[in-house]
Amino acid sequence: MPHLHEDPYPDVYIGGGFFDPAQMPSTDSDREQPAVPEAAPVPDEQARDRPDHMSDRHGRGHGWRKGRLPTALAVMTGTVLVGHSLVPNSVGNPGSLLETLLPWTGLAVPVLLAGALLRRSVPAGVAALLVAAVWAAMFGQLFLGGQPDAEPDLTVVTHNVGAANPDPAGTARTLLAADPDLVALEEVTDDAMPAYQKVLGRRLTHSVHIGTVALWSRYPITDSERVTIDPGWSRSLRARVQGPDGPLAVYVVHLPSVRVGASGFTIARRDQVLTALDHAVDQERQKKILLMGDLNGATTDRGLASLNSRLTSVQDEVGAGFGFSWPAAFPVARIDHILTRGVTPTDAWTLPATSSDHRPVAARLKA
């Protein structure tokens, strides 16, 4: 047994005494035992995979601070959607141009969401979802369509047939495929009128033609007149049609064209004629009104706000989708309209393209 002694700096405690292992004789196994190197630190796999906003104690690269550009773009898009009416029309009429194309802002939503995912940015994702919610609140109902209880008894079609239309007879046959009771045409030339009359007149035996607008009806037209809202042009008429459930005042209208050019969005003349048309509708004594034609403006355009307050857009009320009608090859705006008062819209849709640069629009009504 080794000699026990008191060690002021004990290394090993055995029983009631202490001993110094250095004084113990070494064995061969002890001499041959290799030195064990100090273990290297084990990398923290969870820390390596942990997002920057958890691993950086100072918050640099924090998830709530990443993606500032997509966040800013989402905020700008949302601001445009909510505050489009505040965009002025003072120089170049950018407000009306923006409102004409306002539905297309929905294309920004998937782009904004993709940017937020690529940047792994929580604020950008939240902002993009808010933009989607605002857009859905403004336009989502257009994709639901109407579900009126009324049974339709009147089908109407309006079409800007185009003054340069090379196939007026074929265009007329396309319109008749919708089995309409009323057909309103704009940009009817004297040369093309006989072709339209020949095809449409076979099924719609009552008609009126004033200037460059015309109306064909299955029901009797008891009177008609030119609506003098644009003194320089004769392209608006009013007819009194004896419908299936009483008389209707039917307006066929073609408002002045608008252009986008160096001077901006040229809407001054259109808006002037719109004011006159709005006054004519305001003075209308007939309870049931049907207004059809090329208004050269979308219902989202502030220029049509007053007219929209008096009449209901069938597309906005019961249509499924935006009902874009121009240009025919790739429609980007709905400038051809069917507006009503005193009748119940039940359905609205866009017909196939013809030889015109516009697409026809149609609606079913309970008149």
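Asp301 is buried, with a relative accessible area of 1%. Keep in mind that this is a predicted model.

What does Asp301 pair with? Its partner in a salt bridge is Arg270, and the closest N and O atoms are 3.0 Å apart. Asp301 sits in the loop between strand 12 (289-294) and helix 11 (305-310), while Arg270 belongs to helix 10 (residues 268-282), so the bridge ties together parts that are 31 residues apart in sequence. Is Arg270 buried or exposed? Arg270 is buried, and its relative accessible area is 1%.

On the general point, side chains of opposite charge can pair when their charged atoms come close.

Next, helix 10 and helix 11. Arg310 and Asp282 meet through their side chains in a salt bridge, at 2.9 Å from N to O. Arg310 is in helix 11 and Asp282 in helix 10, so this pair links distant parts of the chain, 28 residues apart. As for cover, Arg310 counts as partly exposed because its relative accessibility is 31%. Asp282 is partly exposed too, with a relative accessible area of 40%.

Asp223 forms a salt bridge with Arg238, and here the closest N and O atoms are 3.7 Å apart. The cut-off for calling a contact a salt bridge is 4 Å. Asp223 lies in strand 7 (residues 221-226) and Arg238 in strand 8 (residues 236-243), so the pair ties together parts that are 15 residues apart in sequence. What about the cover on each side chain? Asp223 counts as partly exposed, at 35% relative accessibility. Arg238, by contrast, is buried, with a relative accessible area of 12%.

How many salt bridges does the structure hold? The count is 16. Some charged residues are joined in a group: Asp179, Asp181, Arg203 and Arg218 are linked in a network of salt bridges.

Last, the surface. Which residues make the nonpolar patch of about 320 Å²? That patch is made by Leu69, Leu73 and Met76. Of these, Leu73 is found in helix 4, which covers residues 68-82. Leu73 counts as partly exposed because its relative accessibility is 40%.

To recap, Asp301 and Arg270 form a salt bridge, and Asp301 is buried, as is Arg270. Arg310 and Asp282 also form a salt bridge, with Arg310 partly exposed and Asp282 partly exposed. That is all from me.

Methods:
Residues numbered from 1 in each chain as written. Predicted model: local features only at pLDDT ≥ 70, side-chain atom pairs only at ≥ 80, totals over all residues. Heavy atoms only, no water. Patch = residues over 30% accessible without salt bridge, like charges linked within 9 Å, V, L, I, M, F, W, Y side chains within 5 Å. Areas by Shrake-Rupley, 256 points an atom, 1.4 Å probe, with all protein chains shown as cover. Helix = DSSP H or I, 4+ residues; strand = E, 2+ residues; numbered from the N terminus. Buried < 20%, exposed > 50% of the residue type's maximum accessible area, 1.4 Å probe, protein only.
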